[in-house]
Amino acid sequence: MGLSMATAERWVERWELQQQRYAVDREERFTVIADVVEHVTAGRVTPPLVVDLGCGPGSLAARLIRRLPDAEIVAVDRDPLLLELGRTHHPDAARYVDAEIGAPGWVWALDLDRPLDAAVSTTALHYLDRDTLLDTYRQLAALLRPGGVLVNGDHLPQGETGPAGIAAHVGRCRAARQRAFAHEDWGSWWAAVGDDPELTDLLAERRRREAPLDTPAGLSLSAHLELLRQAGFGTAGPVWQYGDSCVVVAVR
C-alpha cells in the first residue's frame with residue numbers, strides 16, 4: 001500500500017526545512033543549478049534529458065521540472081523511504097530509480113535511451129570516496145552528450161588552497177542570520193519518522209539494507225576538479241559559492 005498524499009506532503013515539507021540547516025542559501029543553490037541546465041539546453045529540439053543523482057524526496061527534480069516543464073528527469077537514490085516520498089509528493093517531476101550511485105550496475109538501472117544533456121546533484125557526491133567518485137565521474141562523462149554538463153551543488157571544503165576554516169565559518173554565520181538552525185536537524189527528522197505508523201514498512205526496508213553512507217569523504221573542491229579532469233571533462237569549475245557550499249559545473 002502506497003503512502004497517502006497528506007503523509008508525503010507533511011514529511012517532505014519537514015525535510016525541506018531541516019535541510020536548510022545543512023546547505024547555505026539552499027534555494028539559491030537550486031536556482032543556480034536550474035539556471036545552468038536551462039542555459040545548456042536552450043534551443044535544443046529534443047526535450048532535455050537530466051539525471052538527478054541522490055535525489056532524496058525529489059527536491060531538486062521538482063524545482064527543475066517547474067523551470068523546464070518539457071524535461072525528462074530520471075531521479076536516482078538508494079533510500080527507499082525518501083524515494084517513496086518523492087514518488088508520492090512529486091509524482092510528475094521525475095521517473096524515480098532505486099539504485100546506489102557508484103555501485104556495480106547502477107548506470108544500467110537508469111535505463112537511458114539517449115545521451116544525457118545534464119547530470120545534477122545536491123549534497124550527495126561528497127560521500128563517495130576518491131576511487132568511487134572518479135569511476136562515477138567517468139561513467140557520467142560517458143553518458144553525457146558533447147557539451148552536456150555535470151552540475152554539483154555540494155559541501156566542498158577549500159582544502160590547502162584556501163582558508164577552509166574561515167569559509168566554513170562564513171557559511172555558518174549566513175545560515176544563522178537566515179535562522180536555518182531554528183529548524184529540526186537530521187537526527188530529529190528521522191526520529192520523528194520512526195513514530196509515524198504509515199512509514200513503518202519503508203523504514204524497516206531502509207534498515208534492512210546496508211547502512212547508508214553517513215560520513216563525508218572530505219575531498220576538497222580542488223580534488224573534485226582534478227578528478228573531473230581525469231574523468232574526461234573538458235572544463236570544470238565553481239560558478240557559485242558561499243562558504244564551503246558550491247555549485248560546480250563540468251562540461252563534457
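In this predicted model, histidine 224 is in contact with Leu125, Leu133, Tyr137, Leu156 and Leu219, leaving aside its neighbours within four places in sequence. Histidine 224 belongs to helix α10, which covers residues 221-230. Its relative accessible area is 2%. Buried means under 20%, so histidine 224 counts as buried.

Cysteine 55 has a relative accessible area of 6%. For cysteine 246 the value is 0%. Both values fall under the 20% cut-off, and therefore both residues are classed as buried. The search for disulfides, pairs of cysteine sulfur atoms within 2.5 Å, gave a count of zero.

Helix α4 spans residues 80-89, and helix α8 spans residues 186-193. They pack at an angle of about 80°, and their axes lie 13 Å apart. Angles of 65 to 115 degrees count as roughly perpendicular, so α4 and α8 are roughly perpendicular to each other. On the α4 side, the contact is made by Leu81, Leu82 and Leu85. On the α8 side, Trp189, Trp190 and Val193 take part. By class, this contact has six nonpolar residues, with no polar and no charged ones.

A domain record covers part of the chain. In an unreviewed entry, UniProt lists residues 50-148 as "domain: Methyltransferase". Over this stretch the chain is 37% helix and 26% strand.

Aspartate 111 has a positive phi of about 55°, although it is not a glycine. This residue sits in the loop between α5 (106-109) and β4 (116-122).

Threonine 123 is found in the loop between β4 and α6 (130-143). Its relative accessibility is 21%. This value lies between the cut-offs of 20% and 50%, and threonine 123 therefore counts as partly exposed.

Key. Residues are numbered from 1 along each chain as its sequence is written. This is a predicted model: local features need pLDDT of at least 70, side-chain atom pairs count only at pLDDT 80 or more; totals for chains, interfaces and linings use all residues. Side-chain values use heavy atoms; hydrogens and water are left out. Helices (H or I, at least four residues) and strands (E, at least two) are DSSP runs, numbered from the N terminus. Buried means under 20% relative accessible area, exposed over 50%, partly exposed in between (1.4 Å probe, protein chains only). Contact means heavy atoms within 4.5 Å. UniProt positions are given in the numbering used here, feature names are shortened, and annotations may be inferred rather than shown by experiment. Axes are lines fitted to C-alpha atoms, for helices over the stretch in contact, and angles run from 0 to 180 degrees between N-to-C directions. Angles under 35 degrees count as roughly parallel, over 145 as roughly antiparallel, 65 to 115 as roughly perpendicular and the rest as oblique. Ala, Val, Leu, Ile, Met, Phe, Trp, Tyr, Cys and Pro count as nonpolar, Asp, Glu, Lys and Arg as charged, and the others, Gly among them, as polar.
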